[in-house]
Amino acid sequence: MLNIGCHLSISKGFYQAGLEAVSIGANTFQFFTRNPRGGKAKEIDPEDINKLKDLMEKNNFAPLFAHASYTMNLCSDKKHIRNFSKMLLEDDLKRVEQIPNCYYIFHPGLHVGQGTKKGLELIIDALNEVIKEENQVTILLEGMSGKGSEIGGKIEELKTIIDGVQYNQKLGICIDTCHMYSSGLDIVNDLEGVLEHIDKVVGLDKVKAVHLNDSKTPLGSNNDRHETIGEGLIGLEALVKVITHPVLRNLPFNLETPNDVQGYKKEIQLLREKFKTYLQD
Ligand code: FE
Ligand code: FE
Ligand code: ZN
């Protein structure tokens with residue numbers, strides 16, 4: 001079975017988000033741990049979480065994705081921002097631990113002119129400060145498009161971070177089809193080659209989750225503009241190859257396409273149908 005969902009709001013609570021996911025045919029969803037632009041997080045209600053847990057079990061849910069706020073930048077050139085980001089990370093990890101079967105995903109960071117090497121060092125230092133042996137959550141570094149001073153536009157950079165972290169058995173990778181494509185990994189014409197590259201650099205066993213998006217911008221453009229499934233330069237056929245590929249098809253996929261909930265529902269239906277027919281052929 002295809003494990004697929006989309007980004008949803010948890011403003012009405014986790015259980016409501018779970019119900020919404022089920023209503024659109026999803027068996028996972030992604031949410032922001034806190035306002036993506038701000039910092040404040042809502043208290044977690046244990047009763048709400050119990051209801052979610054029950055719903056997830058009854059509906060065969062795959063792992064959920066908790067996405068960090070965009071304000072978190074572990075490699076900022078400003079110390080107060082780095083400290084604030086470490087605080088957010090520490091608090092997020094405690095919160096995500098209370099949510100059943102949930103990955104924590106974050107963008108490695110922006111080096112803002114300090115250079116990739118310095119950026120990587122700061123991220124590694126921050127992760128070593130925050131991640132403790134007792135942390136339960138699997139933390140996923142998202143592969144980025146390499147826009148501006150973004151760290152993580154190359155798989156090698158994610159590998160450097162993983163290698164630098166002491167408790168790195170808690171670390172994995174979330175690939176994003178839009179980001180891969182715009183970073184220059186040609187998943188349209190050479191998915192096998194891209195997967196071989198990822199395997200050679202970090203190992204495919206590190207890939208735990210996928211953001212499924214089409215792309216408004218071309219291969220290697222180092223731009224980050226998501227498009228709805230089938231409407232972009234990656235196209236439906238290539239995305240179906242991603243979801244049905246033997247090394248990827250059991251992973252959880254979440255859509256981050258420019259859509260409302262009804263739009264997501266249509267994309268999920270379409271992808272489930274394509275998945276079924278592909279595997280029958
Ligand atoms: Fe992301
Ligand atoms: Fe993403
Ligand atoms: Zn993106």
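1. In which helix do Lys 58 and Asp 54 both lie, and how many residues apart are they? Both belong to helix H2, which covers residues 46-58, and they are four residues apart, about one turn of the helix. In this predicted model, Lys 58 forms a salt bridge with Asp 54, and the closest N and O atoms of the pair are 2.7 Å apart; with a side-chain nitrogen of Lys or Arg within 4 Å of a carboxyl oxygen of Asp or Glu taken as the criterion, the count of salt bridges comes to nine. Side chains of opposite charge can pair when their charged atoms come close.

2. Turning to the sheet, the strands form a closed barrel of eight, in the order S1-S2-S3-S4-S6-S8-S9-S12, and their pairing is parallel. Neighbouring strands of this sheet are turned against each other by 30° on average, with direction ignored. As a detail of the pairing, strand S2 (residues 29-32) runs parallel to strand S3 (residues 64-67) and is joined to it by three bridges, while Phe 32 stands opposite His 67 in S3.

3. Helix H5 (residues 155-164) packs on the sheet, where it touches strand S6 (139-142) and strand S8 (171-176), and the direction of H5 makes about 150° with that of S6.

4. The packing of helices deserves a separate point, since two packed helices are described by the angle between their axes and the distance between the axes. The axes of helix H3 (residues 79-96) and helix H4 (residues 116-130) come within 10 Å and cross at roughly 45°, which means that H3 is oblique to H4. The crossing in which H3 passes H4 is right-handed. On the H3 side the contact involves Arg 82, Lys 86, Leu 89, Glu 90 and Leu 93, which meet Leu 122, Ala 126, Leu 127, Glu 129 and Val 130 in H4; the residues of this contact divide into six nonpolar, no polar and four charged.

5. H4 also packs with H5, at an angle of about 35° and with the two axes 9 Å apart, and H4 passes H5 in a right-handed crossing. From H4 this contact draws on Thr 116, Leu 120, Ile 123, Ile 124, Leu 127 and Asn 128, and from H5 on Glu 157, Thr 160, Ile 161 and Gly 164. Here the residues divide into five nonpolar, four polar and one charged. Leu 127 of H4 is listed in the contact with H3 and again in the contact with H5.

Notes:
Residues numbered from 1 in each chain as written. Chains lettered and ligands numbered in written order. Predicted model: local features only at pLDDT ≥ 70, side-chain atom pairs only at ≥ 80, totals over all residues. Heavy atoms only, no water. Axes fitted to C-alpha atoms, helices over the stretch in contact; angles between N-to-C directions. Helix = DSSP H or I, 4+ residues; strand = E, 2+ residues; numbered from the N terminus. Parallel < 35°, antiparallel > 145°, perpendicular 65-115°, else oblique. Left-handed = near helix turned anticlockwise from the far one by under 90°. Contact = heavy atoms within 4.5 Å. Nonpolar A, V, L, I, M, F, W, Y, C, P; charged D, E, K, R; others polar. Pairing = 2+ DSSP bridges.
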